[in-house]
Amino acid sequence: MDSKTGRLIVVSNRMGDPGKPAQGGMAVALNQALNAVGGVWLGWSGEITERTGAVRLSKSGPVQLAAMDISQQDYDGYYLGYSNSVLWPAFHHRLDLIDTQPEHFAAYRRVNRAFAQKLVKLLEPEDTIWVHDYHMLFMAMELRSMGVENKIGFFLHIPLPPSQIMAAIPNNELLMRAFTHFDLVGFQTHADVMNFHLYAQRVLGVEDDDPNHITAFGRTVRAQAFPIGVDVDQFRALLETDQAKELVGRIGGSTAGRVLITGVDRLDYSKGLPERLKVFDRLIEKYPENHRLTTLVQIASPTRESVEAYADIRKELEGLSGSINGKHARIDWTPIRYIHRNVPRARLAGLFSISRVGLVTPLRDGMNLVAKEYVAVQDDDDPGVLVLSQFAGAAEEMEEALIVNPHDIEQTVDTVQRALVMPQSERRERQAALKKRVEDGNVEAWCASFLARLQSI
């Protein structure tokens, strides 16, 4: 982004601090872009207060941080309610989990409006605004209603569902109207772009043939795929930390002569975790040579634990892991190591580097950066194998992985076994191709390509 075009303004539900090391891919890219040209990052402070709207301003180098507090009522309605009990399940094909309450949609609109009102006071005429994720779909509409004419881009970090599912969401036409107030809408995959286009055609009657150019409600929005990447160098550098080295040494010693299969996910019903444990159970039964030889390490980080659906999946996973271990374990071998807590990224890097199989099998996912992080730290001479769900956005790019349908337990079992016995020459060939894709499409390239396209409109 050329500094002559003005500052970069980032709006997201949770904000980062460009002066501190970033933990996730999006934060890494945005930190770099903000530090390069200066700007503002507006987001929720993480604080729940008596009223929504109090903003605390601070500086981090050339970046102004604007942290807004949210009331308990708005948090319950905007975040737990509409964002995570309507949009999240619907966008992940789980209409059965939608909890529609009018007051939640009202809170969602109200919080988006509050963010827009705060942002207007911080804007300068040449600023470029970049809004992130499903929590902020109405930001551009609210800003336009306040007279803002700046360029506004939006990036959706989760998948966009097919038109039939979009059409089942309450207020779906209003959601589409909100999309059209952005100048550019970015998606993770070309499939998401087509879903966006087909919804416009089938539900709204839009006649545009170009999926990257949609005119509706008297406005034109550009849509394009910008698959997000990882900070490859930063993640690889974690292998040199004491945390990573200590874990590699300890795990390597306790599993000497054994093979690790690793899965790392947030505890979410979209990640296919019960299916994954069932795959491992069946793997031991169908291919008994893995008995006492192969261990599944499944990390399921806590998330949204106050939402009932998440409590249910945690209970199911604890029951499954206990049952499978009870059936197969021996005094000197635990088949599944199930971990329900946050694990430092340095330890994850170390764990990935010594895992023969990276098992990334969500039922539906926007991108899934774990797949790219796993590839980033593999040894080129003796790499592991990535087993990847066809329903992860990453599968559109990472075709050299072993692609599976996570709903098909037998097919996935056979594919995992193929990964375990794959010759080193084939593993090297697949790793070389995947490594190049991950490096070429890193997080800096993602950020630069989106902002360049937004500036060109």
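Trainee: Which order do the six strands of the open sheet take, and is the pairing parallel or antiparallel?

Mentor: The order is 12-11-10-13-14-15, and the pairing is parallel. First, a caveat. This is a predicted model, where local features need pLDDT of at least 70, side-chain atom pairs count only at pLDDT 80 or more, and totals for chains, interfaces and linings use all residues. Residues are numbered from 1 along each chain as its sequence is written, and side-chain values use heavy atoms, with hydrogens and water left out.

Trainee: What counts as a strand, and as a pair?

Mentor: Strands are DSSP runs of E with at least two residues, helices are runs of H or I with at least four, and both are numbered from the N terminus. Two strands pair if DSSP finds at least two bridges between them.

Trainee: Which are the edge strands there?

Mentor: Strand 12 (336–339) and strand 15 (402–404), each pairing on one side only. Neighbouring strands of this sheet are turned by 20 degrees against each other on average, direction ignored.

Trainee: How many bridges join strand 10 to strand 11?

Mentor: Eight, between residues 259–266 and residues 294–301, and the two strands run parallel. Asp265 has Ala300 of strand 11 as its bridge partner.

Trainee: On to helix packing. At what angle do helix 10 and helix 14 pack?

Mentor: About 65 degrees, with the axes 9 Å apart. That makes helix 10 roughly perpendicular to helix 14 (under 35 degrees is roughly parallel, over 145 roughly antiparallel, 65 to 115 roughly perpendicular, the rest oblique). Axes are lines fitted to C-alpha atoms, for helices over the stretch in contact, and angles run from 0 to 180 degrees between N-to-C directions. Contact means heavy atoms within 4.5 Å.

Trainee: And how does helix 10 sit against helix 11, roughly parallel or roughly perpendicular?

Mentor: Their angle is about 10 degrees and their axes are 9 Å apart. That makes helix 10 roughly parallel to helix 11. Contact residues include Leu273, Leu277 and Ile284 of helix 10, and Ile313, Leu317 and Leu320 of helix 11.

Trainee: Last topic, aromatics. How many aromatic pairs?

Mentor: The count comes to 21 aromatic pairs. Rings of Phe, Tyr and Trp (its six-membered ring) pair if their centres lie within 6.5 Å; planes under 30 degrees apart are stacked, over 60 edge-to-face, the rest tilted. Tyr75 and Tyr79 have ring centres 5.3 Å apart and planes at 20 degrees, so that pair is stacked.

Trainee: Where do Tyr75 and Tyr79 lie?

Mentor: Both lie in helix 2 (residues 72–91), four residues apart, about one turn of the helix.
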